[in-house]
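These are my notebook entries on one chain. I set down what I looked up, in the order in which I looked.

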Amino acid sequence: QKWRTKMANDVNNFITIECNEEARAEMKRIAEAMNKSEHKNLEVADVLWDGEFENHVSWTTENLGAKWCTCEEACEDHLMLTSAWYQVDGVQDKLYEKLKKFDENVLVHMTYEDECPDFIGVRIRYLDEIIDHMDDEDIVDYLQEAADNAGEDSWEEAWNNRREEILDNLDENAMGEVEDLKTDKGIKQ
């Protein structure tokens, strides 16, 4: 029997923005810089931290939110990132700080999901608030029960079939909090 080194669980992170034209232009600049960065697998750190980063797990964990983060796709309206073990809250926070200089009402929306699945969630940065809705409690039990009830072979199939449903529910709850913030601050829709 071959021995294999246990690899970190990949976490898929999808970040989108809602902002004015000035912030969108900055996001486009950021995305282009990430796509051109010579720092393979550290392009996010290189660009968002203006070249002031360390290629060390303690730095990336503390600043990015995960021990590593690779950029799968960078565009003017979204980032697709893969990270190890955890979602990249630090990346989202840094992007929010950069874009907020151009639009004080910028909304930076991130969905994240562990490949196992161990957790799935929605995290929003808006008006200096952090709105985080994660489903990690008993998710495996829920998926197994759903698979059993549907007569599916495994909870992995149930996960794939219900991933969108779970994310939609979490997103609806998180966006409800955004709407409450808008109402509290008197921001017109």
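Entry 1. I began with Cys75, which is partly exposed at a relative accessible area of 26%; here buried means under 20% relative accessible area, exposed over 50%, and partly exposed in between, with a 1.4 Å probe and protein chains only. I note at once that this is a predicted model, in which local features need pLDDT of at least 70, side-chain atom pairs count only at pLDDT 80 or more, and totals for chains, interfaces and linings use all residues. Residues are numbered from 1 along each chain as its sequence is written, and side-chain values use heavy atoms, with hydrogens and water left out.

How many disulfides does the structure hold? I found 0 disulfides, a disulfide being a pair of cysteine sulfur atoms within 2.5 Å. For Cys75 the closest cysteine sulfur is that of Cys71, and the 8.6 Å between them is too far for a bond.

I then followed Cys71, which is found in strand β2 (residues 69-74). Helices (H or I, at least four residues) and strands (E, at least two) are DSSP runs, numbered from the N terminus. Is Cys71 buried or exposed? Cys71 counts as buried, at 17% relative accessibility. Leaving aside residues up to four places away in sequence, I list Met34, Glu43, Val44, Met80 and Leu81 as touching Cys71, where contact means heavy atoms within 4.5 Å. Glu43 is 28 residues from Cys71 along the chain, yet their C-alpha atoms are separated by 7.1 Å.

**Entry 2. The chain as a whole.** I counted 6 helices and 6 strands. Read from the N terminus, the elements run β-α-α-α-β-β-α-β-β-β-α-α. The chain has 189 residues, of which 44% count as buried. Among contacts with a separation of 6 or more, 58% come from residues 24 or more positions apart.

**Entry 3. The sheet.** In which order do the strands of the sheet stand? I read the order β2-β3-β1-β4-β5-β6 for an open sheet of 6 strands with antiparallel pairing; two strands pair if DSSP finds at least two bridges between them. β2 and β6 stand at the edges with a single partner strand each, so one side of each has no neighbour in the sheet. On average, neighbouring strands are turned by 15° against each other, direction ignored. Such angles run from 0 to 180 degrees between N-to-C directions, and axes are lines fitted to C-alpha atoms, for helices over the stretch in contact.

I looked at β1 in detail. Its antiparallel pairing with β3 (residues 78-84) extends over 7 bridges, and 8 bridges join β1 to β4 (residues 107-114), also antiparallel. On the β3 side, Asp10 has Ala84 as its bridge partner, and Val11 stands opposite Ser83. On the β4 side, Thr16 is partnered by His109.

Which side chains of β1 (residues 10-18) are buried? Val11, Asn13, Ile15 and Ile17 point to one face and are buried.

**Entry 4. Helices.** I took α1 (21-36) against α4 (residues 89-100). Their axes come within 9 Å and cross at roughly 130°. The two helices are therefore oblique to each other, since angles under 35 degrees count as roughly parallel, over 145 as roughly antiparallel, 65 to 115 as roughly perpendicular and the rest as oblique. I record the residues that make the contact as Ala23, Glu26, Met27 and Ile30 of α1 with Leu95, Lys98 and Leu99 of α4. α4 also lies across β1, β3, β4 and β5, running at about 25° to β5.

**Entry 5. Positive phi.** Where does Asn41 lie? I placed Asn41 in the loop between α1 and α2 (43-48). Its phi is near 70°, a positive value in a residue other than glycine. Asn41 counts as partly exposed, at 38% relative accessibility.

Asp128, likewise not a glycine, has a positive phi of about 65°. I located Asp128 in the loop between β5 (120-126) and β6 (129-135). The relative accessible area of Asp128 is 46%, which makes this residue partly exposed.
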